[in-house]
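Trainee: Could you walk me through reading a fold, one feature at a time? I would like the general idea and then the case at hand.

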Amino acid sequence: MSTRDFRITVRGVFDGLDEAQRAELLARAAEHDVLQAAFTPEGHMSYDIAARTAFTFRFADTGEAEEDILTATARAEAAAESWLTARGYGFKNLRSQAEDLSVAALGKRRRREAARGI
């Protein structure tokens, strides 16, 4: 059985931040810039607190079967909640989107390569 690669995106909104928390997030904004966003096993968080209170976590995970994406998504959501809770950040409206890269649509270049057997 082959390994499947999953990408999980967990989005939400900060809720009830006090001035100190907002200042902390603003001070660390460069570490969480969307231009540095990447899908990683430990999860990468991005936000632009100066513009809006939304955030995004990006996780990379793997599984053996198609249904493993559900477990991977649950792990990603739990990791995002844990990260936020550990820092005392309130949040709401968590929602997740997961993609199994083994069945993702191929781009034009990859379709050509697949057709040629590369």
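Mentor: Happy to. Let's begin with pairing: two strands count as a pair if DSSP finds at least two bridges between them. Keep in mind that this is a predicted model.

Trainee: Then in what order do the four strands lie in the sheet?

Mentor: The order is 2-3-1-4, in an open sheet with antiparallel pairing. Strand 2 (44-47) and strand 4 (91-100) are the edge strands, each pairing on one side only. On average, neighbouring strands in this sheet are turned by 20 degrees against each other, ignoring direction.

Trainee: What packs on the sheet?

Mentor: Helix 2 does, touching strand 1, strand 2, strand 3 (54-63) and strand 4. The direction of helix 2 makes about 140 degrees with that of strand 3.

Trainee: How many bridges hold strand 1 and strand 4 together?

Mentor: Strand 1 (residues 4-14) pairs with strand 4 over eight bridges, in the antiparallel sense. As an example, R11 has R95 in strand 4 as its bridge partner.

Trainee: And what joins strand 2 to strand 3?

Mentor: A hairpin makes that link through six residues. Strand 2 and strand 3 run antiparallel, with four bridges between them.

Trainee: Which way do the residues of strand 2 point?

Mentor: H44 and S46 point one way, while M45 and Y47 point the other way. All four are buried: H44, M45, S46 and Y47.

Trainee: Now the helix. How do I read its two sides?

Mentor: Within helix 2, the residues I69, A72, T73, A76, A80 and L84 are buried. These residues lie on the same side of helix 2 because they cover an arc of only 105 degrees around the axis. They pack against strand 1, strand 2, strand 3 and strand 4. On the other side of helix 2, L70, T85 and A86 are exposed.

Trainee: Is A78 buried, exposed or partly exposed, and why?

Mentor: A78 sits in helix 2 (residues 68-86). It counts as partly exposed because its relative accessibility is 44%, and that class lies between the 20% limit for buried and the 50% limit for exposed. A78 and V10 are 68 residues apart in sequence, yet 9.9 Å apart in space from C-alpha to C-alpha.

Trainee: Why does D100 count as buried?

Mentor: D100 has a relative accessible area of 8%, so it is buried. This residue belongs to strand 4, and its side chain makes a polar contact with the side chain of R4 at 2.5 Å. Leaving out residues up to four places away in sequence, D100 touches R4, D5, F6 and I69.

Technical notes. Residues are numbered from 1 along each chain as its sequence is written. This is a predicted model: local features need pLDDT of at least 70, side-chain atom pairs count only at pLDDT 80 or more; totals for chains, interfaces and linings use all residues. Side-chain values use heavy atoms; hydrogens and water are left out. Helices (H or I, at least four residues) and strands (E, at least two) are DSSP runs, numbered from the N terminus. Buried means under 20% relative accessible area, exposed over 50%, partly exposed in between (1.4 Å probe, protein chains only). Axes are lines fitted to C-alpha atoms, for helices over the stretch in contact, and angles run from 0 to 180 degrees between N-to-C directions. Contact means heavy atoms within 4.5 Å. A polar contact is a pair of N or O atoms within 3.5 Å; within protein, one must be able to donate a hydrogen and the other to accept it, and residues adjacent in sequence count only if both atoms are side-chain atoms. The arc is that of the directions from the helix axis to the C-beta atoms.
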